[in-house]
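Subject: Structure handover and findings

Dear colleague,

Please find below the structure that I am handing over to you. My findings follow directly after it.

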Amino acid sequence: MKIENIKKEFPIFNNKIENNDLVYLDSANSSQKPLVVVDRIYDFYTKEFSNIGRSVHYLAVAATNLYENTRTAVQKYINAKDKNEIVFTKGATEAINLVASTFGQKYLNEGDEIIITELEHHSNYVPWHYLRKNKGIKINFAEIDEHGDVSLESIEKQITSKTKMIALTHLSNVTGAILPIKEITELAHSKGIPVLVDGCQSAPHMKMDMQDLNCDFYAISCHKMYGPTGLGVLYAKKKWLDDLPPYQGGGGMINEVKKNDISYGELPNKFEAGTMATAQVIAFNESINFLNKIGINNLINHENDLLNYGEEVLRKNNFVKLIGNPKKKGAVLSFTIDGIHPHDIATILDEDGVAIRAGHHCCQILHEKLGLTASARASLGVYNTRDDLDKLNESINNCKKIFNK
Amino acid sequence: MNLKELYQEIILDHGKNPRNLGKFENFNKDAKGHNPLCGDKVHLFLKLDEYKNVKDISFEGEGCAISMASASIMTDLMKGKSEKEAKEIIHKFLDMIKEKDDINTNLLEEDEKTKLMSLGGVKNYPMRVKCATLSWHALSSALDDFQKDVTTE
């Protein structure tokens, strides 16, 4: 599959959006879907649909196998040791909530501390805040440096004898900083602290290797990986999934139910209560196939080229301020323009068919630290081209012209 | 009106140089408005005299050109209005922003109506409607608070 022609695989680009060709630069928010994924959902519902794991009829067995095939495909894609280390959730948000809730219930007490960073998306802060409210734990923030980066040293500074968990992003959705997860995990483990990684932004753009990173938990958002909405993946080391209590109770996750007691099912069922997002899971296998066909190295090279080109083009405008200049950066170009609010930028760009995001991107702590209430963000996907970034630049200049008149 | 036409002179002028910006002394009512989706904030200050007329009104805030322009235009035209009139204007403005094509009231001059109508382009953009209405909801809440105070006396 040639990366130059990849736009053709995404039907959304065949249509005009409000009379414009779509320049989609909001993939950090959610990616577009290749036809193979859309077709897979259609085919499943029209030809193969059944609930999984319960009935013994033909369709139920076939659907169960398809569902489990995706689990294996994810395991391979992220190089997890065991397929039962893959838990499907309704999103990365639920994956993090699952860990915060069950780990908190079993291991966190008043006065215990956890570390997150100032880069975190609200979904890797709010679930821990619940524990601060309910259990009286303390949340310490590892600070960003002037480049919008979080270093190993910044994490180390926050570690105390009471630290029970380090939860942090792999790739910032605002500054684009790629954090040294492997080194942080090594340090954390040397002090007996488990590590949870929010991999929402990294999983679509980087080579995934759980055994190499060696982190304890890793949350993935499938809709950012050219997959369906309503689906996330929690990777967790098997020892944790065996050890932690179930998150939600319901059908499918039990072993035996009696009036006076209940025993829970084996992995992975233990954490997948109720009817799961079956069609989405099955279609997500096609997203992984799609990524595999492109090849992760081709994808990385392509997106690095775009990121460098985008930075170069935007830097030529002295009125554009790029946010974040970290050592290692991935897939996002956040910026501000003096005198023009990001919402106004996004609205004017939208009129030219350029879709970006404006706001705090669910990172209010970070924006406060940066002295901003909002920023504009162009984020990249595999289907973007240099031409898209030229159009972004053209539209930004148009925006400046409108405000200067 | 498409959204680009929204960024016309009136909005850009008020958005870049908002009138009545900043807190004033002796306000007797205030209310905050916040849009959690985008982080836009407005803090409205109001002085009602003994006859419940708007003696002075101002705002502090941070936000896009639409929300700043809206607060600027609103505070300009509310001066001297009675509480009842202010409420009717709020009502008519919110109606216009949400669905109506016009502002039907004789409480406003034609040029004031023109200024408000220039915000009408947000109608079909739910995300931006909130920018245009933020300060109006804050004023509404400040007025309601006043009424509550009055009735308890």
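Helix H3 of chain B, written H3(B) below, has 14 residues and spans 20 Å between its first and last C-alpha atoms, close to the 20 Å expected at 1.5 Å a residue; the expected span is 1.5 Å times one less than the number of residues in the helix. Helices (H or I, at least four residues) and strands (E, at least two) are DSSP runs, numbered from the N terminus. Of the 14 residues of H3(B), 13 are buried, so the helix is largely enclosed by the rest of the structure. A residue counts as buried if 20 or more other C-beta atoms lie within 10 Å of its own, as exposed if 12 or fewer do, and as partly exposed in between, with C-beta atoms placed from the backbone. Just after H3(B), B:Gly80 adopts a positive phi of about 90°.

Please note that this is a predicted model, in which local features need pLDDT of at least 70 and side-chain atom pairs count only at pLDDT 80 or more, while totals for chains, interfaces and linings use all residues. Residues are numbered from 1 along each chain as its sequence is written, and chains are lettered from A and ligands numbered from 1 in the order in which they are written.

The sheet of chain B

Chain B holds an open sheet of 3 strands in the order E1-E2-E3, with antiparallel pairing. Two strands pair if DSSP finds at least two bridges between them. Strand E1 (29–35) and strand E3 (54–62) of chain B are the edge strands, each pairing on one side only. On average, neighbouring strands of this sheet are turned by 15° against each other, direction ignored. Helix H3 (residues 65–78) of chain B packs on the sheet and touches E2 and E3 of chain B, its direction making about 170° with that of E3(B). Such angles run from 0 to 180 degrees between N-to-C directions, the axes being lines fitted to C-alpha atoms, for helices over the stretch in contact. Two residues are in contact if their C-beta atoms, placed from the backbone, lie within 7 Å. Strand E2 (residues 40–48) of chain B pairs with E3(B) in the antiparallel sense over 8 bridges, and B:Leu46 stands opposite B:Ile57 in E3(B).

The contact between the chains

Chain A and chain B each bring 13 residues to the contact. On the side of chain A that touches chain B, helix H11 (342–351) and helix H13 (386–404) of chain A each supply at least two residues. H11(A) gives the most to this side, with 5 residues. By class, the side of chain A that touches chain B has 4 nonpolar, 7 polar and 2 charged residues. Here Ala, Val, Leu, Ile, Met, Phe, Trp, Tyr, Cys and Pro count as nonpolar, Asp, Glu, Lys and Arg as charged, and the others, Gly among them, as polar.

Chain A as a whole

Chain A contains 13 helices and 17 strands. Its radius of gyration is 22 Å, close to the 22 Å that the globule rule gives for 405 residues, so chain A is as compact as a globular protein of that length. The radius is taken over C-alpha atoms, and the rule is 2.2 Å times the number of residues to the power 0.38. Along the principal axes, the C-alpha atoms of chain A fill a box of roughly 75 × 55 × 35 Å. Of the 405 residues of chain A, 49% count as buried.

The sheet of 7 strands in chain A

An open sheet of 7 strands in chain A has the order E4-E10-E9-E8-E7-E5-E6, with mixed pairing. Strand E4 (86–89) and strand E6 (138–142) of chain A stand at the edges with a single partner strand each, so one side of each is left without a neighbour in the sheet. The twist averages 20° from one strand to the next. Strand E9 (residues 217–221) and strand E10 (residues 232–236) of chain A pair in the antiparallel sense over 5 bridges, and A:Leu234 in E10(A) is the bridge partner of A:Ala219.

Backbone details in chain A

The peptide bond from A:Leu267 to A:Pro268 is cis, with omega near 0°. A:Glu18 has a positive phi of about 50° although it is not a glycine, and A:Glu18 is exposed, with 11 other C-beta atoms within 10 Å.

Yours sincerely
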